[in-house]
Amino acid sequence: AAQGEEAMRHGRIEEALALYERALAVDPRRASYLHRHIGSMNERLGRLPVAEAAYRRAVEVNHLDTDAQRLLQAIQLRTGRASQGELLQAVQRDPNDAPALFNLGLAAYNAHDLAEAERRYRETLDHLLAWDGSPADQARLRATAQYNLGIVLGETGRREDAMRAYRAALESNPEYAYAHTNLGQLLVDTGRNAEAIPHFEAALRANPTLAAAQSGLARARGH
């Protein structure tokens, strides 16, 4: 599994997938974690039905794996297998269901309803501490919700607010390559190139093949 994580960090997705599958065969005690990562690698490779099946298996093995639940809901939204109505029902059953609130934000964003997406991402953050996820799950979801909130704020012209959201995401996950990249791009857009460079460098340490960070670093350096 550690080798899979290393391959994933360096953008070698097919290799990471093979390593996670090999680890699953020899260490079934970590089945939920490994199925979740197998799903994530397949999703990145565009194999959505395979990814969905892996996420579902992760939830079946461990119904407390809230990351797998969130990823399963998100991919079902993408493939039309889940509806906003089902997510709303989940929130009605448990108003502190932060993964469902997050996925409502994702659904609103995909429908180009940025105001609703912002509202749902903020609700996600407001309900995180009351949600019954583990501290690690809360930190991961907090980082992702702040990152997505930053995207919405940036797209609605609130650059400073977007930068604050990306910085908040990085407080929860200092190796969040996409948050570093988006923050760096906004810093360059506002003339703060020297401040942007360390963020692009951090993004590339976490994900050396991230093209947006590569081009952003070149732009920040004036190349």
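This is a predicted model: local features need pLDDT of at least 70, side-chain atom pairs count only at pLDDT 80 or more; totals for chains, interfaces and linings use all residues.
**Entry 1: Tyr176**

I started with Tyr176 and looked up what sits against it. Leaving out residues up to four places away in sequence, I found that Tyr176 touches Ala143, Thr144, Tyr147, Ala169 and Leu170.

Next I asked which residues have the most contacts inside the largest nonpolar core. H9 gives the most, with seven residues.

I also jotted down a second, separate core of 12 residues, which includes Ala7, Tyr20, Leu34 and Ile38. From my reading: in soluble globular proteins, nonpolar side chains tend to be buried together.

**Entry 2: H7 against H9**

How do H7 and H9 run relative to each other, roughly parallel or roughly antiparallel? I checked the axes, which come within 11 Å and cross at roughly 25 degrees. Angles under 35 degrees count as roughly parallel, and H7 and H9 are therefore roughly parallel to each other. I noted the crossing of H7 and H9 as left-handed.

Then I went through the residues that meet there. From H7 I wrote down Ala98, Pro99, Phe102, Leu106 and Tyr109. On the H9 side they meet Leu141, Thr144, Ala145, Asn148, Ile151, Val152 and Glu155. Sorted by type, the residues of this contact come out as nine nonpolar, two polar and one charged. Thr144 had already turned up in my notes as a residue touched by Tyr176.

**Entry 3: Ala177**

Ala177 is in helix H11. Is Ala177 buried or exposed? Buried means under 20% relative accessible area, and Ala177 has 8% relative accessibility, so I put it down as buried.

I looked for its contacts too, again skipping residues up to four places away in sequence: Ala177 touches Ala203, Ala206, Asn207 and Leu210. I also checked Ala177 against Ala202, which is 25 residues apart from it along the chain, and their C-alpha atoms are separated by 7.0 Å.

**Entry 4: His37**

Last one for today. His37 lies in helix H3, residues 31-44. Its relative accessible area is 13%, so His37 goes down as buried. Which residues does His37 touch, not counting those up to four places away in sequence? I found Met8 and Tyr20. Tyr20 is also one of the residues of the second core from my first entry.

How values were computed: Residues are numbered from 1 along each chain as its sequence is written. Side-chain values use heavy atoms; hydrogens and water are left out. A nonpolar core is a set of buried Ala, Val, Leu, Ile, Met, Phe, Trp, Tyr and Cys residues joined through side-chain atoms within 4.5 Å. Buried means under 20% relative accessible area, exposed over 50%, partly exposed in between (1.4 Å probe, protein chains only). Helices (H or I, at least four residues) and strands (E, at least two) are DSSP runs, numbered from the N terminus. Contact means heavy atoms within 4.5 Å. Axes are lines fitted to C-alpha atoms, for helices over the stretch in contact, and angles run from 0 to 180 degrees between N-to-C directions. Angles under 35 degrees count as roughly parallel, over 145 as roughly antiparallel, 65 to 115 as roughly perpendicular and the rest as oblique. A crossing is left-handed if the near helix is turned anticlockwise from the far one by less than a right angle, and right-handed if clockwise. Ala, Val, Leu, Ile, Met, Phe, Trp, Tyr, Cys and Pro count as nonpolar, Asp, Glu, Lys and Arg as charged, and the others, Gly among them, as polar.
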